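Please look through the following structure.

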Amino acid sequence: MTEILLPETADAQVAITTRAQILDAPEDLRVIIDASAVSVLSTPMVMVLLSAARRTGGLTLQRPSEGLVDGFSTLGLFAEMMKMEMTS
């Protein structure tokens, strides 16, 4: 299992770093994304999360913040986010 903590502003630079961390994780192990601090979510970060959700090992959004939910909703991708595994 790999755990990644997203910062308050999950911008394009954070998306690049997070993508690299996800790609470095063993494909068959779950990646946990702690999204509790996110208040601003960029489109590139949303794309990284949606792509990572298809990993063999899976992806879990842990403690998704209101900012994270709003970011998906603004892009019309709330339904896609709801298909992801989430924990509180």
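## Strand β5

Strand β5 (residues 59–62) is covered on both faces. Leu59 and Leu61 lie on one side, Thr60 and Gln62 lie on the other, and all are buried. Buried means under 20% relative accessible area, exposed over 50%, and partly exposed in between, with a 1.4 Å probe and protein chains only. Strands (E, at least two residues) and helices (H or I, at least four residues) are DSSP runs, numbered from the N terminus.

The model is predicted: local features need pLDDT of at least 70 and side-chain atom pairs count only at pLDDT 80 or more, while totals for chains, interfaces and linings use all residues. Residues are numbered from 1 along each chain as its sequence is written, and side-chain values use heavy atoms, with hydrogens and water left out.

## The sheet

Strand β5 pairs with strand β3 (residues 31–34) in the parallel sense over four bridges; two strands pair if DSSP finds at least two bridges between them. In this pairing, valine 31 is opposite leucine 59 of β5. Strand β6 (residues 85–87) also runs parallel to β5, joined to it by three bridges. Here glutamine 62 is opposite threonine 87 of β6.

The open sheet has four strands in the order β1-β3-β5-β6, with parallel pairing. Because β1 (2–5) and β6 each have a single partner strand, they stand at the edges, and one side of each is left without a neighbour in the sheet. On average, neighbouring strands of this sheet are turned by 25° against each other, direction ignored. The axes are lines fitted to C-alpha atoms.

## The nonpolar core

In soluble globular proteins, nonpolar side chains tend to be buried together. A nonpolar core is a set of buried Ala, Val, Leu, Ile, Met, Phe, Trp, Tyr and Cys residues joined through side-chain atoms within 4.5 Å. The largest one here has 25 residues, of which Ile33, Met45, Leu68 and Phe72 touch the most other members. At least two residues of this core come from each of α1 (12–24), β3, α2, β5 and α3 (66–74). Helix α2 gives the most, six residues.

Not counting residues up to four places away in sequence, leucine 68 touches Ala35, Val38, Leu41, Leu49, Leu61 and Met81. Contact means heavy atoms within 4.5 Å.

## Serine 42

Serine 42 sits in the loop between β4 (40–41) and α2 (43–52). Is serine 42 buried or exposed? Serine 42 is buried, because its relative accessible area is 15%.

Apart from neighbours within four places in sequence, serine 42 is in contact with Ala10, Asp11 and Ala12. Its side chain reaches the backbone oxygen of alanine 10 at 2.9 Å.

Methods:
Polar contact = N/O pair within 3.5 Å; in protein donor to acceptor, adjacent residues only side chain to side chain. Axes fitted to C-alpha atoms, helices over the stretch in contact; angles between N-to-C directions.
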